[in-house]
Amino acid sequence: MKTIKVGIIGSGGIAGAHAAAYRKLPFVEIVAVADIIPGRAAQFIEKHGLTDTQPFDHPDELLKLELDGVSICTPNASHCRTSVDALRAGKHVLLEKPMSVTLQEGLEMVAAAETSGRMLSIGFQPRYDPNMKLLQRIVQSGRLGDVYYVETGGGRRRGMPGGTFIRKDLAGAGAMADIGCYSLDMALNTMGYPRPVAVSAFTTNHFGRNPLYHQEAHQFEVEDFGAAMVRFENDMVLQFKISWAMHMDSLGATMFLGTDAGLKVLPHGTGPWSGVWDGKIGAMTLFHDEFGGHTATEVPLIGHNLNLFDEKVRDFAEAVRDNRPAPIPGDEIVIQQAIIDGILRSAESKREVSVELPADVKATAANAPQDLAM
Ligand SMILES: NC(=O)c1ccc[n+]([C@@H]2O[C@H](COP(=O)([O-])OP(=O)(O)OC[C@H]3O[C@@H](n4cnc5c(N)ncnc54)[C@H](O)[C@@H]3O)[C@@H](O)[C@H]2O)c1
């Protein structure tokens, strides 16, 4: 069996899920782990019982090794630099979400992948939910007619992270990037990643900055709520809202309004950290007219026991081993990065801003390879 060697850069919370997923794959060897906090990579290796794995206190040292791929599990603001360095060092990259903070960074990363001939795959594990694939199949089948309006987002009543997630220099952005990227990927992937042209957005952080609600309020520098209207080249609009905290139970369903039918989608799970599309789909209902009557059809969901996180790591590792293209390519996700960048610029300037994507960024990713099989 062909084996591959991988490294993990950043050994905090989510790196553990990468290590656990790689360890389930007999053809993968975790050769090294790096973290910029001295000693942290070594602690991680010990904690996860990784025998024969080398620790490094800087990613540059890890990148000197002969590795086939790396998982990048560092805070958002370092995603660009770390990915570009890894790609230039000849490593395939599985990068944790969100892709980056700004559009410029995203474009730099895509260019580095192209020139290095290595893949840049972004870690959106919900894509591996068979019901996410079903959603995409329903919309792309044309059953809804022309989709002219999409509403999505997620609302946690109370679910604000702390630490590296709330510092602007490390996270770059708050709820918008942290959980908003999941909603955006769900809606845009379903629609074949149309090109955005303009964004009008509002963000705020009434909860994060209030010591009543957050223990680290004094250093809370990002947004805990955002809302945006995004216009696309194909004359579709997307209404997007996201909250880490609010005085409300939910921000509503995700919906696709088409000329022939509408589709309502509910997230899976309950509780303070749920409702943000980072996992499975809860329910799907198709609204349509039959024989002149208003009809609602519950779409039967596909039962499964997949660990979506393991699936994403496995798909990346197999793509490296089998020389396949990136499962969730950076040159597709850069389109949602353009939206996040537009949201941040619009919220700052309190004006609608235009989104300028270079012409060579895919017009739509609908023709990108998609595994719609179930
Ligand atoms: N897909 C998911 O379900 C999921 C879940 C949680 C977090 N994430 C993403 O994973 C990333 C990391 O999140 P986390 O919860 O593990 O954060 P964390 O703060 O727990 O860990 C980040 C680690 O990276 C290290 N680090 C920082 N800069 C570095 C650099 N340049 N090189 C090497 N190490 C560096 C830090 O010292 C820290 O140990 C974030 O981008 C986050 O959005 C994804």
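Trainee: Which residues come nearest to the ligand?

Mentor: This is a predicted model, and that applies to every answer here. There are 27 residues around the ligand, and Gly10, Gly12, Gly13, Glu96 and Thr164 come nearest.

Trainee: How many residues of that shell are nonpolar, polar and charged?

Mentor: The shell around the ligand has twelve polar, nine nonpolar and six charged residues.

Trainee: How is the chain divided?

Mentor: Into two domains. Domain 1 takes in 4-124 + 308-328, and domain 2 takes in 127-305 + 336-367. Each is written as two stretches of the chain.

Trainee: Why does the ligand lie between the domains?

Mentor: Look at who supplies the shell. Domain 1 and domain 2 both give residues to the shell around the ligand, so the ligand lies between them.

Trainee: How far apart are the C-alpha centres of the two domains, and how many residues does each give to the contact?

Mentor: The C-alpha centres of domain 1 and domain 2 are 26 Å apart. Their contact takes 17 residues from domain 1 and 19 residues from domain 2. On the side of domain 1 that touches domain 2, helix H5 (103-116) and helix H10 (308-322) are the elements that give two or more residues. That side of domain 1 has ten nonpolar, four polar and three charged residues.

Trainee: What does UniProt list for residues 4-124?

Mentor: The UniProt record, an unreviewed entry, lists residues 4-124 as "domain: Gfo/Idh/MocA-like oxidoreductase N-terminal". In the model this span is 38% helix and 24% strand, with its end C-alpha atoms 22 Å apart. The record also lists residues 134-262, as "domain: GFO/IDH/MocA-like oxidoreductase". Over residues 134-262 the chain is 20% helix and 30% strand, and the end C-alpha atoms lie 15 Å apart.

Trainee: Which residue follows H6, and is its phi positive or negative?

Mentor: Gly142 follows H6, and its phi is positive, near 90°.

Key
Residues numbered from 1 in each chain as written. Predicted model: local features only at pLDDT ≥ 70, side-chain atom pairs only at ≥ 80, totals over all residues. UniProt positions renumbered as here; feature names shortened; annotations may be inferred. Helix = DSSP H or I, 4+ residues; strand = E, 2+ residues; numbered from the N terminus. Near = placed C-beta within 6 Å. Nonpolar A, V, L, I, M, F, W, Y, C, P; charged D, E, K, R; others polar. Domains from an automatic or database assignment. Contact = placed C-beta atoms within 7 Å.
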